[in-house]
Amino acid sequence: MKRAIILLLTLFVLAGSAVAISPVPEDTFSLSVESAVLMEKTSGEIIYQKNAHETLPPASVTKVMTMLLVVEAIDSGSIQLEDMVSCSAHARSMGGSQIWLEDGEQLSVSEMLKCVTVVSANDCAVALAEYISGSEEAFVAKMNTRAKELGCKNTHFTNCTGLFDDAEHYTTANDLALISRELISHDWIKQYTTIWMDTVRDGAFGLSNTNKLIRFYSGATGLKTGYTSLAGHCLSATAERDGIEYIAVVLKGESSEARFEAAKTLLNYAFANYTCVSAQPDEGFSPIPVKLGKSDFVQPVCIGTEALLLEKSRASNVEYLAELPESLESPIQAGDILGKLIVKSNGETLAQLDIVAAHDVDRMGTFEVFSDLFCRLVGKK
């Protein structure tokens with residue numbers, strides 16, 4: 001069963017999401033940014049892109065990946081929110097946005113994570129990196145490995161903060177959208193990314209979110225701002241309304257206001273024009289009989305995506321048509337394609353998804369065939 005689950009997860013990744021929309025033309029919007037991507041979270045569908053694969057410095061939006069590795073370390077149990085983290089001389093030396101940690105000063109993982117998400121504290125980011133991996137260099141190696149695992153094809157990090165402009169430290173709007181999507185899949189991080197104002201050090205040090213959308217945009221859930229003279233004004237913005245969440249990444253904005261306006265423009269367009277419907281029928285599929293199998297049935301399951309992103313005008317009258325055989329011959333391996341699921345609306349095909357076997361069904365040997373036949377004859381099966 002473990003093998004079957006791993007195979008199905010692999011197929012899920014390879015299958016990707018079913019494409020039910022086409023990205024809107026680049027000239028749909030006039031955005032004062034060099035690069036931009038608008039993505040729906042659940043399906044991963046790209047609604048809009050502008051120079052989406054252009055490699056650019058991300059400034060502190062780098063910390064989306066830093067935050068992801070911290071969140072994953074917490075969820076895996078390797079560190080705890082209550083753990084106390086000491087500031088090293090290296091972490092204290094960062095400069096830029098910080099909370100001015102002293103050498104040896106200790107804060108909890110929770111408080112340091114709050115400082116990273118709310119005020120982009122470079123000293124806390126490095127302290128967390130060192131706590132997780134032993135050094136910032138080792139942590140950065142994990143960042144690059146994780147980026148590749150997420151399908152980021154044009155990303156390379158040299159530090160965990162984005163504070164320093166470096167020709168070898170780059171990413172793209174598309175890749176940042178992928179990383180941001182993975183981060184917000186850990187829903188609890190929004191307890192931190194939605195903070196507008198807070199304090200640390202028992203109330204002695206105030207925090208105010210650098211992401212002004214948290215205060216002024218309905219449904220904003222995060223995520224991270226960034227700025228250097230080379231990178232310009234950058235932002236990964238996320239927002240959720242009525243159970244649908246979008247990610248707007250903008251890089252190299254002309255001004256701080258330009259990045260926020262660009263993100264709002266993209267998010268407003270998404271909420272006004274799109275919705276999500278289930279990519280699979282609620283009732284699932286009936287088991288299919290298997291001839292000469294050690295199991296009498298195989299359970300079909302659909303892979304590829306959880307939801308379909310649709311223009312609101314096409315989201316009514318969605319129907320699901322499963323094309324499956326009445327019976328199958330053994331042996332069957334988990335992941336074998338059994339048929340197709342066709343999703344339609346008003347007669348228009350929106351998507352086609354593979355229906356696969358959820359588990360192995362081995363073929364019976366000669367003895368098992370005769371034993372099965374005997375049991376049937378005597379009425380014991």
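The structure is a predicted model, in which local features need pLDDT of at least 70 and side-chain atom pairs count only at pLDDT 80 or more, while totals for chains, interfaces and linings use all residues. Residues are numbered from 1 along each chain as its sequence is written, and side-chain values use heavy atoms, with hydrogens and water left out.

**The chain as a whole**

- The C-alpha trace spans about 80 × 45 × 35 Å along its principal axes.
- Of the 381 residues, 50% count as buried. Buried means under 20% relative accessible area, exposed means over 50%, and partly exposed lies in between, with a 1.4 Å probe and protein chains only.
- The accessible surface comes to about 17100 Å², and carbon and sulfur atoms account for 51% of that surface. Such areas come from the Shrake-Rupley method with a 1.4 Å probe, and for residues only the protein chains shown count as cover.
- Among contacts (heavy atoms within 4.5 Å) between residues at least 6 apart in sequence, 66% join residues at least 24 apart.

**Aromatic pairs**

- A search of the whole structure finds seven aromatic pairs. Rings of Phe, Tyr and Trp (its six-membered ring) pair if their centres lie within 6.5 Å; planes under 30 degrees apart count as stacked, over 60 as edge-to-face and the rest as tilted.
- One of these pairs joins F29 and Y48, whose ring centres are 4.9 Å apart with 80° between the planes, an edge-to-face arrangement. This pair links distant parts of the chain, since F29 is in the loop between α1 (2–15) and β1 (33–40) and Y48 is in strand β2 (residues 46–50), 19 residues apart.
- F29 counts as buried because its relative accessibility is 13%, and Y48 counts as buried because its value is 0%.
- Another edge-to-face pair is formed by W196 and F216, at 6.1 Å centre to centre and 75° between the planes. The pair again links distant parts of the chain: W196 is in the loop between α8 (190–193) and β5 (197–200), F216 is in helix α9 (residues 213–216), and they are 20 residues apart.
- W196 is partly exposed, at 23% relative accessible area, whereas F216 counts as exposed because its relative accessibility is 60%.
- Ring pairs also link F29, Y48, Y269 and Y274 into a cluster.

**Charges over rings**

- The charged end of R201 sits over the ring of F205, at 5.3 Å from the ring centre. A charge sits over a ring if NZ of Lys or CZ of Arg is within 6 Å of the ring centre and within 35 degrees of the ring normal.
- R241 lies over the face of F271, 4.4 Å from the ring centre.

**The surroundings of T172**

- T172 is in the loop between α6 (136–149) and α7 (173–184), and it counts as buried because its relative accessibility is 0%.
- Although T172 and L56 are 116 residues apart in sequence, their C-alpha atoms are 6.0 Å apart in space.
- Leaving aside neighbours within four places in sequence, T172 is in contact with A52, H53, E54, T55, N154, T155 and L251.

**Backbone features**

- The peptide bond from G222 to L223 is cis, with omega near 25°, and L223 lies in strand β7 (residues 220–228).
- The peptide bond from S330 to P331 is also cis, with omega near 0°; P331 is in the loop between β16 (328–329) and β17 (337–345).
- N51 is not a glycine, yet its phi is positive, at about 50°. N51 is in the loop between β2 and α2 (63–76) and counts as partly exposed, at 32% relative accessibility.
- D202, a residue other than glycine, has a positive phi near 55°. D202 is in the loop between β5 and β6 (205–208) and counts as exposed because its relative accessibility is 84%.

Definitions and conventions
Helices (H or I, at least four residues) and strands (E, at least two) are DSSP runs, numbered from the N terminus.
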